[in-house]
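Please read the following points alongside the sequence and the structure. They are written for a reader who is new to describing protein models.

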Amino acid sequence: MATITQNSFLSSNHLQLFKPNSKTKPIIAPTSVRMSLQETAPSIAVVGVTGAVGQEFLSVLSDRDFPYRSIKMLASKRSAGKQYTFQGHDYTVEELTEESFDGVDIALFSAGGSISKQFGPVAVNKGTIVVDNSSAFRMDENVPLVIPEVNPDAMKGIKVGTGKGALIANPNCSTIICLMAATPLHRRAKVLRMVVSTYQAASGAGAAAMEELELQTREVLDGKPPTCQIFKQQYAFNLFSHNAPVLENGYNEEEMKLVKETRKIWNDMNVKVTATCIRVPVMRAHAESINLQFENSLDEDTARDILKNAPGVVVIDDRVSNHFPTPLEVSNKDDVAVGRIRRDVSQEGNDGLDIFVCGDQIRKGAALNAVQIAEMLL
């Protein structure tokens, strides 16, 4: 069967907006007359604005015409004073302090776990709703862990305008990309066991890792020794086990995030999940091979139809042309692409499926998901 469904495959018509050590100031220019700057809209802050995800926050806010009456751009003391243009207005990056959240309704955080732990509760105490992209609060039972297409009810009752601050956690990028595809199938047939192998891009380690991959590629092609500052080994033309710390059980932290976060998001402590996470020399989109075992039978044609109709998902599954999702195809795209949809021949009947998933790690895996959460607060 040849199936390519791309009607909902939304394009983000913007370039990469941030490169470390760039001498030109990043510019996010409006492509049309914007209605997002409104006096009655919430005030927002972007924490970690100079990083890759921080820059993508701005891009997504602009692309989606997110309504705001004011926006603060916050970063470390080192980055304070940088100038950005956003939707035709000039802004100066401010140093992040405890006073930064005075009068802020929504704060989008992507500055690392230690910063989130220090300033997240401060913001909440001032009445700010924090959407945090770090791992700091994901497994806190009092903090919702949300993918809007998957478990929006987890943040029920949290709204702008109530005067109450709150913390909402953005899941890990690999978890978001995985569950965007697995959840619609789980709803139909109930997943008993999920085996995930990830092929993760440089963007997951930040803008500096993306730059190092580019630098290493040039160096290796020129016959020079590669610069290895972000990772301890050559990244260009190579792949290796994810660089997260390895735990006592032999899994690394990235793999255990997939295990624990899936159980929390699905509200199912009995689902069996195992993962192997690999870093591959791709710039900004993750790929994942997912094997699913179901409680109820689910044939591949029904699964394909379910995925075609799932929000935020596009099916690229052309067996005749051997055309399936690739990281390049989903880079700078909102939707997660799914293909290689086939019955698991190692299981009886239609009790298992294999699928292959690709999603932009910076966009849906981070910034877009956070902005979608913010939209649900309005």
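At what angle do helix 3 and helix 6 pack, and how far apart are their axes?

1. The model discussed here is predicted. In it, helix 3 (residues 173–189) packs against helix 6 (residues 300–308) at an angle of about 120°, and their axes lie 9 Å apart. Two packed helices are described by the angle between their axes and the distance between the axes.

2. Angles of 65 to 115 degrees count as roughly perpendicular and those over 145 as roughly antiparallel; helix 3 and helix 6 are therefore oblique to each other. The crossing of helix 3 with helix 6 is right-handed.

3. Which residues form this contact? Helix 3 contributes A181, P184, L185 and R188, which meet T302, A303, I306 and L307 of helix 6. Sorted by class, the residues in the contact of helix 3 with helix 6 are six nonpolar, one polar and one charged.

4. A further point concerns a strand pair. Strand 5 (residues 83–86) and strand 6 (residues 89–92) are paired in the antiparallel sense, over four bridges. Within this pairing, T85 stands opposite D90 of strand 6. The hairpin has two residues between the strands, and Q87 takes a positive phi near 50° there.

5. Side chains of opposite charge can pair when their charged atoms come close. How many salt bridges does a search of the whole structure find? The search finds 17.

Technical notes: Residues are numbered from 1 along each chain as its sequence is written. This is a predicted model: local features need pLDDT of at least 70, side-chain atom pairs count only at pLDDT 80 or more; totals for chains, interfaces and linings use all residues. Side-chain values use heavy atoms; hydrogens and water are left out. Two strands pair if DSSP finds at least two bridges between them. Axes are lines fitted to C-alpha atoms, for helices over the stretch in contact, and angles run from 0 to 180 degrees between N-to-C directions. Angles under 35 degrees count as roughly parallel, over 145 as roughly antiparallel, 65 to 115 as roughly perpendicular and the rest as oblique. A crossing is left-handed if the near helix is turned anticlockwise from the far one by less than a right angle, and right-handed if clockwise. Contact means heavy atoms within 4.5 Å. Ala, Val, Leu, Ile, Met, Phe, Trp, Tyr, Cys and Pro count as nonpolar, Asp, Glu, Lys and Arg as charged, and the others, Gly among them, as polar. A salt bridge is a side-chain nitrogen of Lys or Arg within 4 Å of a carboxyl oxygen of Asp or Glu.
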